[in-house]
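Let's take a walk through a protein chain together. Have a look at the picture and the sequence, and then read on.

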Amino acid sequence: MKEKIGTKANPTLLKTPPLTSEYTMHVDEKDGKEILVCTVGKTVLHYDLSCLTDLHAMLKAHGDWMELGSADEQKPAKEGTVEAWGRAENNPVGGWYGLKKGYRGRFGMYVPPLMEALGLAEVTHDAKGNKMRAI
């Protein structure tokens, strides 16, 4: 799957769920661990690569649409959303999938479109309140 995501030289170009902004994702390695690198303008976020398989498994078990609920790290995530799961102590990594302190949030904004591009999920593309479900 990581081969489909791309490299720093050839990243995957994506759009946020409301289709209002573009950003890129690629796989890299940091401290011996494979990570997703998300570049939004000049901002660079890192996510644990395992979030893709873990989120897909959780959505499969959930069995229905789930609200994305994207929020910055400093703001609380709405309960029952993809964002809340991406920082929950009971997820497979025991907390944040975001790896850069201060930039660990927005999991629900940037990971779902990548999962859609990889054929793992469907994502709605409304102005607000977007949702996703596993394929």
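What follows starts with the whole chain and then moves on to single residues.

A word on the ground rules: this is a predicted model, where local features need pLDDT of at least 70, side-chain atom pairs count only at pLDDT 80 or more, and totals for chains, interfaces and linings use all residues. Residues are numbered from 1 along each chain as its sequence is written, and side-chain values use heavy atoms, with hydrogens and water left out.

Start with the big picture. Read from the N terminus, the order is α-β-β-β-β-α-β-α-α-β-β. The radius of gyration is 13 Å, close to the 14 Å that the globule rule gives for 135 residues, so the chain is as compact as a globular protein of that length. (That radius is taken over C-alpha atoms, and the rule is 2.2 Å times the number of residues to the power 0.38.) Of the 135 residues, 46% are buried. Here buried means under 20% relative accessible area, exposed means over 50%, and partly exposed is in between, using a 1.4 Å probe and protein chains only.

Now head inside. The largest nonpolar core has 32 residues, and M25, L36, L52 and L55 have the most contacts within it. Such a core is a set of buried Ala, Val, Leu, Ile, Met, Phe, Trp, Tyr and Cys residues joined through side-chain atoms within 4.5 Å. Helix 4 gives the most to this core, with six residues. Who does L55 meet? Setting aside neighbours within four places in sequence, L55 is in contact (heavy atoms within 4.5 Å) with V82, W85, F107, V111, M115 and M132.

Not counting residues up to four places away in sequence, H56 touches M115, L120, A134 and I135. With a relative accessible area of 16%, H56 is buried.

Next, the aromatic rings. Rings of Phe, Tyr and Trp (its six-membered ring) pair if their centres lie within 6.5 Å; planes under 30 degrees apart count as stacked, over 60 as edge-to-face and the rest as tilted. By this rule there are five aromatic pairs. One of them, Y23 with Y110, is edge-to-face, at 4.8 Å centre to centre and 65° between the planes. Y23 lies in strand 2 (residues 22-30) and Y110 in helix 4 (residues 107-117), so the pair ties together parts that are 87 residues apart in sequence. Both Y23 and Y110 are buried. The rings of Y97 and F107 have centres 5.6 Å apart and planes at 20°, so that pair is stacked. Y97 is buried at 0% relative accessibility, and F107 is buried too, at 1%. Y97 and F107 also belong to one aromatic cluster with Y47 and W85.

Most residues other than glycine have a negative phi. L19, though not a glycine, has a positive phi of about 65°, and D31, not a glycine either, has a positive phi of about 55°. Where do you find D31? Look in the loop between strand 2 and strand 3. D31 is exposed, with a relative accessible area of 77%, while L19 is partly exposed at 44%.

Key:
Helix = DSSP H or I, 4+ residues; strand = E, 2+ residues; numbered from the N terminus.
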